[in-house]
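This report examines a predicted model.

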Amino acid sequence: IEGYRNFCNKIWNATRYVLQNTEGEDTGLNDDKIDLSLADRWIISRLQQAKSEVARHIEAYRFDLAAKALYDFTWREYCDWYLEFSKPILQGDDAAAKEETEKTLRWVLDQCLIMLHPIMPFITEELWAATGTRDKMLVHADWPEYTIKYKNEDGSAAELSVPLTFADFALTEGRFRKHFRKALKLSPDNSQIQNNYGQFLCNINIFTSAIIAFIRITLGILIG
């Protein structure tokens with residue numbers, strides 16, 4: 001229950017961030033020709049993959065796997081990564097890049113709310129109403145269908161896949177350490193266990209630090 005409560009908080013805070021950075025702007029992707037950044041192409045490509053995965057699980061009546069796919073995409077890829085990628089662009093001086101990132105932020109958030117609605121109807125309906133003037137309630141919104149022009153056919157967004165895979169592993173290890181420490185409940189009398197646990201954490205910390213250093217260098221090259 002705690003984990004899903006945190007997920008709701010994550011979506012709520014992500015929506016606040018999007019509203020703060022796109023208020024009064026022309027947001028939402030349309031049929032006009034647009035020049036998306038690498039990060040924009042990556043998140044749109046990953047969204048379409050997530051949508052296909054969710055649809056496949058729903059058709060197989062595996063609603064648990066559909067929920068997990070939405071959870072992973074929304075938290076790990078949209079909230080953890082894409083929102084962070086958007087910050088230097090939104091704070092920069094390139095007006096065209098800012099405009100496209102603002103559009104992508106809002107559009108992908110809308111897609112997340114639409115797909116999450118059957119599983120989380122109340123909070124998604126509330127956020128749908130809070131993010132703009134709508135023609136209809138979220139419950140009546142059409143299931144996403146994407147045009148070919150938004151697909152990452154040339155595979156360019158895959159450039160982010162390797163560093164982000166390493167990064168996701170590093171974050172997972174960090175969360176693992178936190179929960180492992182809580183679950184183990186070490187007492188002062190378990191000196192041998194504490195020593196072994198301390199060495200274990202030391203090894204993980206060294207490995208994680210090396211991964212994060214690699215990610216920072218790689219992402220700096222890829223997104224400027």
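A residue is called buried when its relative accessible area is under 20%, exposed when that area is over 50%, and partly exposed in between. Lysine 10 has a relative accessibility of 27%, so it counts as partly exposed. Aspartate 80, at 14%, lies under the 20% limit and is therefore buried.

**Salt bridges**

Lysine 10 and aspartate 80 form a salt bridge, with 3.3 Å between the closest N and O atoms. This pair links distant parts of the chain, since lysine 10 belongs to helix 1 and aspartate 80 to helix 3, 70 residues apart. Side chains of opposite charge can pair when their charged atoms come close.

Across the whole structure, nine salt bridges are found.

| Salt bridge | N to O distance | Relative accessibility |
|---|---|---|
| Aspartate 80 – lysine 10 | 3.3 Å | aspartate 80: 14%; lysine 10: 27% |
| Arginine 46 – glutamate 77 | 2.4 Å | arginine 46: 22%; glutamate 77: 14% |
| Aspartate 64 – arginine 62 | 2.6 Å | aspartate 64: 46%; arginine 62: 37% |

The salt bridge between arginine 46 and glutamate 77 likewise links distant parts of the chain: arginine 46 is in helix 2 and glutamate 77 in helix 3, 31 residues apart. Within this pair, glutamate 77 counts as buried, whereas arginine 46 is partly exposed. In the salt bridge of aspartate 64 with arginine 62, aspartate 64 is partly exposed, and arginine 62 is also partly exposed.

**Nonpolar core**

The largest nonpolar core has 40 residues, of which Ile43, Phe73, Tyr78, Leu105 and Val108 touch the most other members. At least two residues of this core come from each of helix 1 (2–22), helix 2 (38–59), helix 3, helix 4 (95–116) and helix 5 (121–130). Helix 3 contributes the most, with 12 residues. In soluble globular proteins, nonpolar side chains tend to be buried together.

Apart from neighbours within four places in sequence, valine 108 is in contact with Ile43, Ile44, Leu47, Phe73 and Tyr78.

**Threonine 74**

Where does threonine 74 lie? Threonine 74 is placed in helix 3, which spans residues 63–90. Its relative accessible area is 3%, so threonine 74 is buried. A polar atom of the threonine 74 side chain lies 2.8 Å from the backbone oxygen of leucine 70. When residues up to four places away in sequence are not counted, threonine 74 touches Phe7, Ile11, Cys79, Cys112 and Leu116.

Note on methods
Residues are numbered from 1 along each chain as its sequence is written. This is a predicted model: local features need pLDDT of at least 70, side-chain atom pairs count only at pLDDT 80 or more; totals for chains, interfaces and linings use all residues. Side-chain values use heavy atoms; hydrogens and water are left out. Helices (H or I, at least four residues) and strands (E, at least two) are DSSP runs, numbered from the N terminus. Buried means under 20% relative accessible area, exposed over 50%, partly exposed in between (1.4 Å probe, protein chains only). A polar contact is a pair of N or O atoms within 3.5 Å; within protein, one must be able to donate a hydrogen and the other to accept it, and residues adjacent in sequence count only if both atoms are side-chain atoms. Contact means heavy atoms within 4.5 Å. A nonpolar core is a set of buried Ala, Val, Leu, Ile, Met, Phe, Trp, Tyr and Cys residues joined through side-chain atoms within 4.5 Å. A salt bridge is a side-chain nitrogen of Lys or Arg within 4 Å of a carboxyl oxygen of Asp or Glu.
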